[in-house]
Amino acid sequence: MNRIGVLTSGGDAPGMNAAVRAVVRFGIEAGLEVYGIHRGFEGLIDGEIHEMNRRSVGDILQRGGTILKTARSERFLTEEGQRRAVENLDTFGIEALIIIGGNGSFLGAEALRKRGVTVMAIPGTIDNDLAYTERTIGFDTAVNTVLDAITRIRDTSSAHERNTVIEVMGRECGDIALYAGLAGGAECVLVPEVPYSIPEISRKILEGMNNGKMQSILIKAEGVDIDTEELCRELSERIGREVKSVKLSYLQRGGSPTLADRLLATECAEKAIELLVSDIGNKAIGLLGGEIVGLDLTEALEVPRSFDRELYRAIDVLSK
Ligand code: F6P
């Protein structure tokens, strides 16, 4: 193994830069040439490939986003797109490709593997929706950003004795909502994994009010099948008070990565390089029982997602 490539793909996540930095520097230390591919699979199709050196990744450890840029590539879903991607890897003499991204990017990695490319997948997404790993890079930072927002919104909700629904990201996964809701003391958390009932939520708010709790914070994951404004309208009607909404949206994706995300990113990258120089490829790197491991990529993608229902129930008990 002489030459490897690295790309970031899908939604950016805080800690992606820390992973790129570690791939480049551990890679060079191990005697590899490291090439950066810009704009994810889009750039791979278009041949936007440049050699990187230790200095190319200077001063990025603390930055959110990704210096390699990222994209959601429709073209990579096509036969022609994948063929061109493989061709460009061959043209540049790249023998293995490290892909940093979420679910969709891992499927992209798997598609390349099926075409004979040696790949290594590193979990970078705020959603925490890759089941084989206990945590994805970016999740910790995103949850802490949501927590900060909850704290601020609680101040004003409390001052006005208001009820506020905060919509958070996560696609089909409720983990951001679950962890931020638990740590932020939310009265109610709606996630795609658990059915909700508007009468029950309304009753909880009204019971709270009867006990002197005049404000509440409800966290709603974006994957829940009701529009946030509609939810606020329906709750307002039932409780007879206005319910405000706040959509945190892309705020959750930016910002300087936390210690946990910088560490996870660095250790995953180190593992990816260690495996590649031992001529081991096609692994999904992740965190399992506190250890950084490399699992077979195809098997990792088959691990069913689970949701921590005990933690979810605790929110209800704690917020009464
Ligand atoms: O996958 C990360 C994520 O931020 C999801 O939580 C969200 O649903 C999605 O990306 C938004 O994607 P886009 O950046 O394409 O709007």
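View 1. R83 is partly exposed, because its relative accessible area of 37% falls between the limits for buried, under 20% relative accessible area, and exposed, over 50%, as found with a 1.4 Å probe on protein chains only. E80 also counts as partly exposed, at 40% relative accessibility. R83 forms a salt bridge with E80, and the closest N and O atoms are 2.8 Å apart; the term salt bridge stands for a side-chain nitrogen of Lys or Arg within 4 Å of a carboxyl oxygen of Asp or Glu. Both R83 and E80 belong to helix α3, where they are three residues apart, about one turn of the helix. Helices (H or I, at least four residues) and strands (E, at least two) are DSSP runs, numbered from the N terminus.

The model is predicted, so local features need pLDDT of at least 70 and side-chain atom pairs count only at pLDDT 80 or more, whereas totals for chains, interfaces and linings use all residues. Residues are numbered from 1 along each chain as its sequence is written, and side-chain values use heavy atoms, with hydrogens and water left out.

**View 2. The salt bridge between R75 and D46.** In this pair the closest N and O atoms are 2.8 Å apart. R75 counts as partly exposed at 31% relative accessibility, and D46 counts as partly exposed at 34%. R75 and D46 also belong to a network of salt bridges that links R39, E42, D46, E48, R75 and R84, and the structure as a whole holds 22 salt bridges.

View 3. Within β2, V34 is the bridge partner of I4. From β1 the chain crosses through helix α1 (residues 16–29) to β2, and this β-α-β crossover is right-handed, a term used if, with the strands pointing away from the viewer, the path from the first strand over the helix to the second runs clockwise. With strand β3 (residues 49–52), β2 pairs in the antiparallel sense over four bridges, and Y35 stands opposite E51 in β3.

**View 4. The open sheet of four strands.** The strand order is β7-β8-β6-β9, with parallel pairing. The edge strands, β7 (188–190) and β9 (243–247), each pair on one side only. From one strand to the next the twist averages 20°; axes are lines fitted to C-alpha atoms, for helices over the stretch in contact, and angles run from 0 to 180 degrees between N-to-C directions. Strand β6 (residues 163–168) runs parallel to β9 and is joined to it by five bridges, and V165 stands opposite S245 in β9. Helix α7 (residues 198–210) lies across β6, β7 and β8 (216–221), running at about 160° to β8, where contact means heavy atoms within 4.5 Å.

Methods: Pairing = 2+ DSSP bridges.
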